[in-house]
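This report describes selected features of a structural model. The sequence and the coordinates are shown first, and the description follows.

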Protein chains: 2
Amino acid sequence: MMCDVVIIGFGAAGACAAIEAAEAGAKVLVFERNSGSGGASGLSGGEIYIGGRGGTEVQRAAGFEDQTEAFAAYLKASGGPCADAAKCDLYAAEAVDHFAWLKAQGVPYRGNYLAGKHIEPSDDSTLIWSGSETAVPFCDIATPAPRGHVIRHMGWGGGRPLVDILEVRARDNGVEVVTDARAISLIADGNRIVGLVVRIDNRERYVRADRGVVLATGGFVMNEAMRRKYCPQTFRINDPIGDKDDGSGIELGVGAGGDAIHMDQFFTTCPWIIPESHAYGVFVNGQGQRFINEDCYHGRVSRAMIDQPGPCVYLLLDGAHFAQPPSFARISIAATGETWEEVERELEMAEDTLSSTMNFYNHHAREGRDPLFHKRTPILTPLDQGPFVALELNFATSYFSFFTLGGLRTSIAGEVLDRSGAPIAGLFAAGRCTSGLPAWGHGYSSGLSLADCTFFGRKAGRKAAHG
Amino acid sequence: MMCDVVIIGFGAAGACAAIEAAEAGAKVLVFERNSGSGGASGLSGGEIYIGGRGGTEVQRAAGFEDQTEAFAAYLKASGGPCADAAKCDLYAAEAVDHFAWLKAQGVPYRGNYLAGKHIEPSDDSTLIWSGSETAVPFCDIATPAPRGHVIRHMGWGGGRPLVDILEVRARDNGVEVVTDARAISLIADGNRIVGLVVRIDNRERYVRADRGVVLATGGFVMNEAMRRKYCPQTFRINDPIGDKDDGSGIELGVGAGGDAIHMDQFFTTCPWIIPESHAYGVFVNGQGQRFINEDCYHGRVSRAMIDQPGPCVYLLLDGAHFAQPPSFARISIAATGETWEEVERELEMAEDTLSSTMNFYNHHAREGRDPLFHKRTPILTPLDQGPFVALELNFATSYFSFFTLGGLRTSIAGEVLDRSGAPIAGLFAAGRCTSGLPAWGHGYSSGLSLADCTFFGRKAGRKAAHG
C-alpha cells in the first residue's frame, strides 16, 4: 500500500489530521484498529476549550470578552510545571480561527450560554464554565471567561457526533480509512520515517508513506504495564476512560527516537458536582482537614483528593444542599447528624477535627471569606442548616474516571521531537499520545484535551502533508 | 581500545561493577568524565541500608533481630507505587552477604549503635535509624530495625572514603581507569551493544566491549532540560546534589532501546532535624494544618512539604526544644510568641488555625496520642513551654537538597530492559541512572541509594562479565 500521509488512529486527532492533510493535497490513509472511528474522543462530551482574540461570537454574545493574553495565561497556569508555553501561546492566538474551522466542517453549535457549574450540559447548550477560571489562583492569573464550547447535542455524549462529523468530512476529502488495522511498527529509511507495518486480517501489510506518518493513537490508560512503569498513582483508582488506549503510539514514537514526557500525569474526576447543589459542599480528608478551594474545576478538586492520605475523602453537605448523588458515581453516605459534631463522631474522627473545620468554615463563610483556601462566593456559603451529611468518595470503590496525559514531545507543528529536541523526519503526532495543552493533572479543564487533539491534529496533518 | 567490559562512571555503582567484572575474569575499562572517582556517591554520607537474615552482626549486637521478610516488606513500602518487588526481595535476602563483601573490600565499620535521630553520625558510629521504620505506616507493615550502616569515618562525608576504598580495590583487581573521558554514544551490532564512542582529550575513541557495557553514570539532577521534561516539580527547590549527573547514561540507555521509568520521582530533604531537639517539632503548612507524622524520616517529611500549597511550611517548636538551626540550612525564624496564638498572629494566619492545630496536638500529645497522623512517643511530646517559635522552611530559599530517582528499568541482574521487558544484549546499568531500590521520593530512607548502587552495581558487573 502506498500513500503520502498515513494516520494511525481515527479519533478526533486523527480525523482532523486526515482532513488537513487531504486538503493540503496529500493522498491520505487512516488506519484504525477498532471497527470504526471514535477512540476516546468518541466517549467524550464533545466539548472544546476555546477563547482569546476578544472571544468567540458565543462568548461575546454572552457578555464575555476574552483576550488572547488572558487565555494564554490560563492555559499556562493549567499546564502548571508541565506547561508547553509555545503550544499555549499558539493555541490562544488561533483558537478563534479554529472554532470557525470546526463550524466550517459542519460541527453545529446552538450558540447560547449556560450559567452555573456543569460537567456537561444536560441540554444542547454551547458555552459553559468548564475549568477553574473563577477560582484562586487562576482568577488572579487570568481574567476569567467561560471557554467550554459544546457541540449541539442533547445531553451528554457529544463526542460521538463530533467524531462522526469529522469522519464524514475526512471521507468527503478523499481520505481512505482502513479499520480493524493495527499498526505494528514504523519503517525508517536512515533517519526518516517512511512507512509502517500494519496488521490487517491477521496479515502484515507494508505501507509506504511518502510524506509522513501521524500518530494519533491516544494515551496509555488501558495499558496496565505502562501505567505501572510510568503512572503508578493511577492504581489508587479504578475507572479508566479509553478505547484501546494502550499507548501503542507512544511506544512506536519512542522506538523511533521520540521522547515521552510527563508520563506521570493523569486526569481524574469523580462526578461530585451532581446534583449541582453539591458544588457548594466542602471536602475534608481523613484528618478532617480541608485541602483545596472547592470552587475549582471538579477534576482539579478530584485530582487533589488522590493526593490525600487514607482510602477516601468526604464531601460535607447540609440540609439545604444535599440530594442523592447519582448511582453511577458510587458515592455513599458515610455519616449523618443533627450537628457537625455528630457527623464527626459517626465517622469515628477525633473530637474537634471535622467539627472544628466546619465551624471555622461556616464562621468565615458567613462573612464571605475563606481565609484558608480563598474559595469565593457564591460557591462559598455556610453549611449550617441541619441535618448534615458526609458523603464518602472512596478511591477504591467510587467512580473516579481517569486518563493519562503524558506522551510524546512534539513541536507546535506536530513534529515528534527526539530527546535533543530535534524533529524526527517523517514522524508526527497529536492528541493523547502526546503531552500537549492538558499537560498537568492538577490543572485540567474540560475541553482542553479535545482542543489539543483537534487543533494540533490539524497542525500535524498539514505539516505531514507538506513532507 | 578493546576490553571485555566497559563501565561508564566511577562512583560507587561503577566501582562495584568493575570489581565484580574483574573478579569474574573480565578485562575491564572504566571511563569517568571527571578527573577522578566519586560521582554523587563521593558526596554522600557513605551510609548503606542493610538488614535481613536475622540482622547483621552490628544489628544483632545492638539487640535488633531483623528478619528477611520484615526487611523486604520495608523495602517494598519504601518503594510505594514504584517498588520493584523482585529487587526488594533479592536485596533483602542477600544484603547480609553484601555487608560481608563490603567489609572484605576493606570498608571499615566501628560496629556500634547510635540511638536517636540523625542525618548522619557526627562521630564514627556505624548503625543508625536512617528511615521511617518506627513511624506509621511503616511500623505496622514491618518490624522496625535500624538499618543504616555507616562507614567508619569521623563526621559527615563518609561517601568519599567509601569510594576511595572501592577504587583501590578495583585498581588492585586490574581494572583500568580512564578519567576525563566522556561517553558519547553506544555502538550496536544488530541488537547487541558491542562498544562505545568515548571523547578523550577532545578526540573520539572507539572502544570495543566484547562482553558488555555497564552504565553507572548517575541521575539527571544536574540537567535542567531533562528535569523540565520529566521531573518538573523539582523546580520548586534549588539545591541539586550531584556531580555532573546530567542523565547521559539514561539517554544512552534509552537510545539503545531501554526504558526510563518513574522519571518524576525525586528525593529531597531539608536538614530540619538539626539540632536533634527539632525532631520533636510539628510541621504546619500555610493553612496552619499538619500534613504528616513528623516522626518519619526527615526526607519523607521534606518530600511531603513540597506537596503543600504555598511558598513554605513552618516548623513549630517550644522553648524546651528550640535551638538555632545551622546556618547552611537557611531556615529562618518567621515568628515568635508567648503563646501559639501570638505566633499565629505574627504569621498573619487566620485566628484558630495554627493555634487550634497546636492546642489539639498538645491536648492529645499529653495523652500520648496523635489521632490525626499517629506520630508516636517519644517524638510525640507536647510543645507547650513558651516562648514559641515558627521556623520557616521556604522552598525557594531554604536548603532543600535533592536528586532524581527515575531511570532505566533493569532486571535484578542489572540488565537494561527494553520497553517490552526483554534484556538488551550487552547493556547493563546500576545506580541512579536506573530506577532501583529508592524508587519513590515519599518513601526514601538514607542508605537506600548506596545500597542499590553497590549491590546492583556488583550484579551488573558480574552479569556483564559473563557475556
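## Basis of the description

Two strands are taken to pair if DSSP finds at least two bridges between them. Helices (H or I, at least four residues) and strands (E, at least two) are DSSP runs, numbered from the N terminus.

The model is predicted: local features need pLDDT of at least 70, side-chain atom pairs count only at pLDDT 80 or more, and totals for chains, interfaces and linings use all residues. Residues are numbered from 1 along each chain as its sequence is written, while chains are lettered from A and ligands numbered from 1 in the order in which they are written.

## Hairpins of chain B

In chain B, strand β9 (residues 192-200) is joined to strand β10 (residues 203-215) by 6 bridges, and the two run antiparallel. R199(B) has E204(B) in β10(B) as its bridge partner. β9(B) and β10(B) form a hairpin with 2 residues between them, and D201(B) in the turn has a positive phi of about 50°.

## Open sheets

Chain A contains an open sheet of 4 strands in the order β14-β15-β17-β16, with antiparallel pairing. Its edge strands, each pairing on one side only, are β14 (282-284) and β16 (332-337) of chain A. The twist averages 30° from one strand to the next, where axes are lines fitted to C-alpha atoms (for helices over the stretch in contact) and angles run from 0 to 180 degrees between N-to-C directions. β14(A) is joined by 3 bridges to the antiparallel strand β15 (residues 312-317) of chain A, and V282(A) stands opposite L316(A) in β15(A).

In chain B, an open sheet of 4 strands has the order β14-β15-β17-β16 with antiparallel pairing. Strand β15 (residues 312-317) of chain B is joined by 6 bridges to strand β17 (residues 388-394) of chain B, and these run antiparallel. L316(B) stands opposite A390(B) in β17(B).

## Helix α6 of chain A

Helix α6 (residues 159-172) of chain A has 14 residues and reaches 20 Å from its first C-alpha to its last, close to the 20 Å expected at 1.5 Å a residue; the expected span is 1.5 Å times one less than the number of residues. A residue is buried if 20 or more other C-beta atoms lie within 10 Å of its own, exposed if 12 or fewer, and partly exposed in between, with C-beta atoms placed from the backbone. The buried residues of α6(A) are G159(A), L162(A), V163(A), L166(A), E167(A), R169(A) and A170(A). Seen down the axis of α6(A), these fall within an arc of 165°, so they line one face of the helix; the arc is that of the directions from the helix axis to the C-beta atoms.

The buried residues of α6(A) pack against α1 (12-23) of chain A. After α6(A) comes G174(A), whose phi is positive, near 90°.

## Buried position T269(A)

T269(A) is found in strand β13 (residues 266-269) of chain A. T269(A) is buried, with 23 other C-beta atoms within 10 Å. Leaving aside neighbours within four places in sequence, T269(A) is in contact (C-beta atoms, placed from the backbone, within 7 Å) with H298(A), G299(A), S302(A) and S401(A).

How values were computed. Two residues are in contact if their C-beta atoms, placed from the backbone, lie within 7 Å.
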